Amino acid sequence: MAGVHSAALVNLPGLYPDLARRPRLVAVADVNLNLAKALADRFGYERVAPDAEALVGADDIDLVVACLPPALNRPVVLAAAAAGKDVVCEKPMAESAEDAAEMLRACQAAKVFHGLGAGYRWSPAVRAIGQIVRDGELGTIRSLRASFMLDYAADPDVPLLWRFQKRLAGGGIAIDTGYHLVDCARFLVGEIASVQAMSATFITERPLPGADAVGNRGAGGGLSTRGTGPVDVEDAAAALVAFEGGAYGVLETSRVAIGRRISFTIEVYGSRGSAYWDLERPDEFGVCLPGDAFTFGFRRVLVNPGHPGAAELLIGGTDGTSIGWLGQECAMWAEFMTAIAEGRSGSADFTDGVRDSAVLDALYRAAESGTRTAVVVPAGT
Amino acid sequence: MTAALGIGIIGAGWITRAHALAIRTLPHLDALGRPVRITMLAARNPERGAAMAGRIGVEAFTTDWRELVEDPTVHVVANLTAVAGHRAPTEAALALGKPVLCEKPLGVDRLEARALADAAAAVATTGVQAACGFNYRYLPAMRLAREIVLSGRLGRIVRFRAAYLQDHAIVASPRPPNGSRAVTDYAHVVDFLRYLGCEALAVQAMSAKLVEAGPDVEDAYVAAVDLRGGGLASLEVSRAALGWKGRQVVEANGTLGSLWWNMEDLNRLHVFYAADEADGTGGFRDVLVTQPDHPGLGPWWPAGHTLGWESSFIQEWHDFLSAVINGHPIPAHQATFEDGYEAAVLCDAILTSALEGRRVTIQEMAVEHPPAVPN
C-alpha cells in the first residue's frame with residue numbers, strides 16, 4: 001500500500017493543479033531496507049530513513065503515512081502525533097476500536113490532521129451512489145448487500161505472512177477486506193448498531209515465509225525450510241448487520257474464493273429504487289429509478305465529469321475514459337491536502353477508523369459467541 | 001368441437017423441428033379457438049423425410065409436395081424447405097386458397113420474391129394469409145424494440161447497425177455445403193433494418209469467401225446503407241467468425257436515444273434515453289423483457305422468467321394461425337411476402353454491389369414486372 005499511496009501522491013499535482021498544498025516525498029522507512037530503497041528510487045523519495053522513529057522526528061517532514069500491519073500502526077501514529085505531524089493511516093488503523101480510539105485521541109490532543117486510508121469510498125462511482133442515496137433518490141434504504149471476494153489464499157503454499165497471524169494483523173480477512181465492506185456500508189447507509197456473524201478458516205497450517213516475502217502471496221521470498229506454522233485467523237467471514245436507520249446489511253468476504261481476484265460488489269436497495277457497483281467495472285454503476293414501466297430496468301451509468309470527484313480524474317475530459325483503482329486514492333489525497341490547507345479534519349478520518357473498527361470488533365465477538373452483538377463505540381470518540 | 005385446422009409441412013431440415021415444436025406448443029400457450037394439428041409432411045428424400053415425420057409425430061408422409069398441397073386435411077401450408085423449393089409449392093397452395101407461412105429467404109432472388117409477393121397479393125383480397133418466416137421479429141426484446149422506435153421515443157433513427165456472426169462454416173459444420181449464400185442466409189439483419197423503421201436507399205458492399213471448401217459463394221459481407229430521410233446503416237455478416245455461435249447484434253441510434261440487443265442474451269433490451277442524463281443517471285437501461293405487459297408476452301410466464309430462441313417460432317405461429325382462424329390479416333409486426341420481397345431487393349443490392357464494386361440503389365433493383373411462372 002505504500003506504493004499505492006506514493007503513486008497517488010506523485011500524480012496529485014498533475015491531476016489537481018490548483019491544490020493549495022502540494023506533497024513532497026521526503027523519506028520512506030521499512031524494516032526491509034531493500035523494499036524501502038526500491039520504493040524511494042521508484043517514486044523519488046529524497047532519502048530512506050533508518051527507522052520509523054527517525055522518520056517521525058525529522059524536521060523536514062510535515063505528514064506521516066502509516067501503512068503497516070494493523071498491530072504496528074499505533075506506535076508510529078502516536079509518535080507522529082506527539083511530534084506534531086499530520087497523520088494518514090491506512091486501514092485497518094489498529095487491532096481494535098480501543099486502540100484506534102487511542103490514536104484518534106492522540107491526534108485530537110496534538111491538534112494534528114488525521115486521515116483514514118479507506119480508498120473505496122473515494123471511487124467516483126461509489127460517491128455517486130452515496131449522493132443518490134443522500135438525495136433520497138432511492139427512498140428509504142432497506143438493505144445493503146456487499147461482498148469482497150479474493151482467492152490469493154486458496155493456494156495452501158502461500159506462506160504464513162503477517163496477514164495470517166492475529167498477532168500482527170489483528171484478525172483475518174474480515175479486518176482486512178471485510179473492513180472495506182463495513183466502511184462503504186457506513187459511508188452509503190449509515191452507522192451500524194449490531195452484528196451477527198460467522199467465520200471460517202480452511203487452511204490451518206502454512207509454510208513459514210522466506211525472509212523477503214512480500215505481497216499477498218509472499219512473492220520473492222521463496223519458502224522457508226523451517227517447516228510450517230498455524231493460521232490463527234479466518235479465511236472467510238459473513239455477517240448480517242443492523243443499521244441504526246432500520247436497514248439491514250449482508251456482508252461477505254473471503255480470500256479463498258477461487259477465480260475471484262478482487263471482486264468487490266455493493267448493492268443498495270431502497271423504497272424507491274436500487275443501485276449497484278462492481279469493482280471489476282469500477283467506473284460505472286447501475287441505478288434503477290421509478291419511471292416508464294415499459295423500459296423498466298437498471299441503467300448502466302458511466303462515471304462522468306458531473307459525478308462527485310470525477311472531473312479531475314477523467315483526464316480525457318469525458319465519460320467513457322476510465323479512472324481505475326489509482327484514481328480513488330488520488331481523490332482521497334486531494335481531499336486530505338485540501339483539508340490540511342483549510343485546517344479541518346479529513347472527510348474519512350480517525351473517527352471513521354474507530355467506528356469501522358468497532359463494527360469489526362462486534363463482528364469477531366459475534367462470530368465467536370454466535371449471538372447478535374451490539375457495536376460499542378469507545379467513549380468520547 | 002370444431003374440426004382441427006390441419007397444417008402440412010414441406011421440408012425435413014432441422015428448422016422443421018422448430019416449427020413443429022411451436023405448433024405443438026401453441027395450445028399450451030393460448031387458446032386459438034380451434035385445435036391445430038400437423039397432418040402431413042412432404043420431403044424429397046424418403047429416408048430423411050420419413051425419419052422426420054416419425055420424430056415430430058406426423059403419420060402422413062409424401063415425397064411429392066403436390067400431394068400435400070392438395071390434401072384435404074391440409075388447410076395451411078408451412079413451406080420450410082430450402083429456398084429453391086419455395087416458389088412452386090407456395091404458389092400452388094395460395095392458388096388453392098390455402099394460407100402459407102414460408103421460411104426466409106422468400107425466393108432465390110428478388111424476381112422470385114416479387115412473383116411470390118404478387119401471388120400473395122392476388123389472394124389477399126379473398127382472405128388468404130401469407131407470412132414470411134422472419135422469426136427473430138418475434139423475440140420479445142425485438143418486439144419491444146420496434147414498439148419503442150415506432151413510439152418516437154428515440155426520435156428519428158439516424159444510425160442502424162446489425163451484425164450476425166457465427167463460425168459454423170469452419171467449425172464442424174453439420175451441414176454439407178449446399179451453395180447457400182451468406183447474404184440471403186442472414187437476411188434476418190436486412191429485415192431488422194426495416195422492422196425498426198428504416199428504409200434503404202442505396203448500398204455499398206464487399207463480400208468474401210473465407211472457407212476454402214465448398215461452393216464459390218460468399219461467407220461474409222459488410223455493407224453500408226444510405227437510409228431514406230438521411231442516416232446510415234451498416235450490416236455485417238460472417239459464418240466464419242471463429243468463436244461466435246449466435247452473435248446477432250442489432251443497434252439503433254436515434255436523435256433522442258438508442259437501443260441495442262444481442263441474441264446471445266436475447267431476453268434483454270438495452271435502452272438509452274438522452275433525457276436521463278439531466279440528473280446524472282443517464283445510461284443504458286438493462287430491460288429484462290419478460291413482463292406480461294411487454295408485447296406478446298401476456299400468455300407467457302410471470303415477469304423475470306426468461307424465454308428461449310424457440311419462443312420466436314411459437315409467437316410467429318400464434319399470430320399467423322390466429323389470423324387464419326379469425327379471418328384477419330396477419331399483424332403489422334409479422335413479416336408479409338412484401339417484407340420478404342423488400343429483404344430480397346436489399347440482399348440482391350448487396351450481392352450486386354459486392355460483385356460490381358459500385359454503389360447500387362434500391363430503385364434500380366426494384367422489380368416492376370415479375371416474370372412469368374417457369375414450368
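Axes here are lines fitted to C-alpha atoms, for helices over the stretch in contact, and angles run from 0 to 180 degrees between N-to-C directions. Keep that in mind as we walk through this predicted model.

**Stop one: two helices in chain A**

Select residues 178-188 of chain A, which form helix H9, and then residues 350-369 of chain A, which form helix H11. Their axes come within 10 Å and cross at roughly 120°. Angles from 65 to 115 degrees count as roughly perpendicular and those over 145 as roughly antiparallel, so H9(A) and H11(A) are oblique to each other. The crossing of H9(A) past H11(A) is right-handed.

Now show the side chains where they meet. On H9(A), pick Gly178(A), Tyr179(A), Val182(A), Asp183(A) and Arg186(A). Facing them from H11(A) are Asp352(A), Arg355(A), Asp356(A), Val359(A), Leu360(A) and Leu363(A). Sorted by class, this contact holds 5 nonpolar, 1 polar and 5 charged residues.

**Stop two: the sheet in chain B**

Move over to chain B, where 6 parallel strands build an open sheet in the order E3-E2-E1-E4-E5-E6. Which strands sit at the edges? They are E3 (60-62) and E6 (130-133) of chain B, each pairing on one side only. From one strand to the next, the twist averages 20°.

Zoom in on strand E5, residues 100-103 of chain B, which runs parallel to E6(B) and is joined to it by 4 bridges. Here you can find Cys102(B) opposite Cys132(B) in E6(B).

**Last stop: a helix across the strands**

Finally, select residues 14-29 of chain B, helix H1. This helix lies across E1 (5-10), E2 (36-42), E4 (76-79) and E5 of chain B, and runs at about 160° to E2(B).

Key. Residues numbered from 1 in each chain as written. Chains lettered and ligands numbered in written order. Predicted model: local features only at pLDDT ≥ 70, side-chain atom pairs only at ≥ 80, totals over all residues. Parallel < 35°, antiparallel > 145°, perpendicular 65-115°, else oblique. Left-handed = near helix turned anticlockwise from the far one by under 90°. Contact = placed C-beta atoms within 7 Å. Nonpolar A, V, L, I, M, F, W, Y, C, P; charged D, E, K, R; others polar. Pairing = 2+ DSSP bridges.
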